[in-house]
Amino acid sequence: TKESGTYTYEPTVSFTIKGISTALQAELKLIAQNTLILIVKDRNGVYRLFGREKGMDLMTVESTVGKAMTDFAGFNLNFVGGEIDFAHEVQTSLITALLSPAA
């Protein structure tokens, strides 16, 4: 607030997952029961960390099934968090290490 000199941010992350299955629905239920930290690759190819301070919560899940075979079938997920700072950049070398199989 302006009076206290502190500010907070409410980051939102939204994305889609293609496909609808019982296993995926079970995973989404587990995600909804927990607070997460998300690493997201933005449109500029930069990885950013969301949820560092307070985490990100799954707020809405929309399932979509089209009529035509070419219509989208899947889930739209919307996460919201509460932070004291903007999303920090994550170095590409860390992403590479996280995605590498354990030796």
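Two strands are taken as paired where DSSP finds at least two bridges between them. In this predicted model, strand S2 (residues 38–41) and strand S3 (residues 47–50) meet that criterion, with four bridges in the antiparallel sense. Leu38 has Phe50 of S3 as its bridge partner. S3 is also joined to strand S6 (residues 88–90) by three bridges, again antiparallel; here Tyr47 is the bridge partner of Val90 in S6.

An open sheet is formed by three strands in the order S1-S5-S4, with antiparallel pairing. Strand S1 (12–18) and S4 lie at the edges, each pairing on one side only. On average, neighbouring strands of the sheet are turned by 20° against each other, direction ignored. The pairing of S4 with S5 is antiparallel and spans nine bridges, and Leu58 stands opposite Phe79 in S5. Helix H1 packs on the sheet, where it touches S1, S4 and S5, and its direction makes about 5° with that of S5.

The largest nonpolar core comprises ten residues: Val13, Leu24, Leu28, Leu38, Phe50, Met56, Leu58, Phe75, Leu77 and Phe79. At least two residues of this core come from each of H1 (22–32), S4 (56–65) and S5 (73–81), and S5 gives the most, with three. Leaving aside residues up to four places away in sequence, Leu24 touches Ile17, Gly19 and Phe75.

Methods: Residues numbered from 1 in each chain as written. Predicted model: local features only at pLDDT ≥ 70, side-chain atom pairs only at ≥ 80, totals over all residues. Heavy atoms only, no water. Core = buried A, V, L, I, M, F, W, Y, C linked by side-chain atoms within 4.5 Å. Buried < 20%, exposed > 50% of the residue type's maximum accessible area, 1.4 Å probe, protein only. Contact = heavy atoms within 4.5 Å. Axes fitted to C-alpha atoms, helices over the stretch in contact; angles between N-to-C directions.
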